[in-house]
Amino acid sequence: MAQEKIVQTAGRTQLGEFAPEFAHLNDDILFGEVWSRNDLLSLRDRSLVTLTSLISQGITDSSLTYHLQEAKKNGITRTEISEIITHIAFYAGWPKAWAAFRQAKDVWAEDTSADDAKARFQQEMIFPIGEPNTAYAKYFTGNSYLARISDEQVPIANVTFEPGCRNNWHIHHATKGGGQMLIGVAGRGWKHWHGAAADSWFAHLAFEISGENASNEWLEPVTDEEYGKVLVAYFSATGVTAQVAQTVADATGGEVYAIIPAKPYTDADLDWRDKQSRSSVEMNDPKARPALGGKRLDVSEYDVVFIGYPIWWDQAPRIINTFIESHDLKGKTVIPFATSGGSTISGSVATLKRSYPALEWKEGRLLNRADEKTVRTWIERLGITIEA
């Protein structure tokens, strides 16, 4: 097996001036030489050894997150990492495994197949999904399925829509009677046409109503603008989350909105080592609600709302609570994302869900240094349709 040279710059980037010799040992020796001897021990096996060592020591900072990400790149699958950490638990301890699982779950969050989603949706309803609706495919955006329930007396069919699927605008004509009666049976539909929400499968029973001279006139497709708009709202204290938010907007076609505090944060405000700093005081007070500045936002026109933030003390900054409580997000799909130097997103998302249980939350993700392809894959795995 040919040797693959590993190039690492994290040491010099973060510690080059403060600890140049350590940075050299990290970048040039550990990664440049030891990790690069992958002709003797594969990158996959080196990842396995490294993860075992870190988890066994109870190290769950940014280094574990990095090596979990590298393990995934080196071919370790979601099933394998689950089995690996479970095995380690018996030798290193249950609490250490729990902590590692929290980070591994974020790293492998996107690895869920569309077939699994379809199978789960079938379990939610008693009516069959049926076969691909090829006969009417030209009148649909996305994939739909059709299952005939009855052809006797009143014709009944179960129509199932994948996330983001909808049919064209249409008119039911009849001189008397006619048309359809629809009854939703599973999932979540979207507004007033036949179709699924962007993040949910949907199925309805269609009852054909008898009528005289009945016909159906198919019209133009429902456009993306009519279907639903995306908002990417974010708070960024240092500019890191702002960059990630722009990547999310580029991947989704969403509109970017900066959550700006009425009083900007200074470097002293952000000093987490100072217990009297503004950020420390706010994060120690669950009721703190920093005032919002910037332009007013009308969220009524948006259907999917991404909310991005840096992780502070394993939580979302309190200004995120201010934003959520200042805008009516009910009925919208809310998707959190975050940046962090060492924490996972799990703790902050759990707190937000407990604080605002009426909102339609999707699983969040840590997006440190994520590119547009990674973001698109994550969103599509959530079951949200993104138009190219």
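**Figure 1. Salt bridges across the predicted model.** A search of the whole structure finds 9 salt bridges. One group forms a network of salt bridges that links R12, D27 and D28.

Figure 2. In the salt bridge of R102 with D314, the closest N and O atoms are 3.8 Å apart. R102 is located in helix α6 (residues 94–107), whereas D314 is located in the loop between β14 (302–310) and α11 (318–326), so the pair ties together parts that are 212 residues apart in sequence. R102 has a relative accessible area of 36% and is partly exposed. D314 is also partly exposed, its relative accessible area being 26%.

Figure 3. The side chains of R289 and E325 meet in a salt bridge at 3.1 Å, N to O. R289 is found in the loop between α10 (278–283) and β14, and E325 is found in helix α11, so this pair ties together parts that are 36 residues apart in sequence. R289 is partly exposed, with 33% relative accessible area. For E325 the relative accessible area is 46%, and this residue is likewise partly exposed.

**Figure 4. An open sheet of 5 strands with antiparallel pairing.** The order of the strands in this sheet is β1-β3-β4-β9-β8. Its edge strands are β1 (131–132) and β8 (180–187), each of which pairs on one side only. Strands of a sheet pair through backbone hydrogen bonds, and the pairing may be parallel or antiparallel. Strand β8 runs antiparallel to strand β9 (residues 202–208), and 7 bridges join the two. Within this pair of strands, Q180 stands opposite E208 in β9.

**Figure 5. The packing of helices α3 and α4.** Helix α3 (residues 43–56) packs with α4 at an angle of about 155 degrees, and their axes are 10 Å apart. That angle makes α3 roughly antiparallel to α4, because angles over 145 degrees are placed in this class. The crossing of the two helices, α3 and α4, is left-handed. On the α3 side, the residues in contact are S47, T50, L51, L54 and I55. On the α4 side, they meet S63, L64, H67, L68, E70 and A71.

**Figure 6. The whole chain as a setting for the close-up views.** The secondary structure of the chain comprises 13 helices and 17 strands. Taken along the principal axes, the C-alpha atoms fill a box of roughly 85 × 55 × 35 Å. Of the 388 residues in the chain, 44% are buried. Among contacts between residues at least 6 apart in sequence, 71% join residues at least 24 apart.

Terms used. Residues numbered from 1 in each chain as written. Predicted model: local features only at pLDDT ≥ 70, side-chain atom pairs only at ≥ 80, totals over all residues. Heavy atoms only, no water. Salt bridge = Lys/Arg side-chain N within 4 Å of Asp/Glu carboxyl O. Helix = DSSP H or I, 4+ residues; strand = E, 2+ residues; numbered from the N terminus. Buried < 20%, exposed > 50% of the residue type's maximum accessible area, 1.4 Å probe, protein only. Pairing = 2+ DSSP bridges. Axes fitted to C-alpha atoms, helices over the stretch in contact; angles between N-to-C directions. Parallel < 35°, antiparallel > 145°, perpendicular 65-115°, else oblique. Left-handed = near helix turned anticlockwise from the far one by under 90°. Contact = heavy atoms within 4.5 Å.
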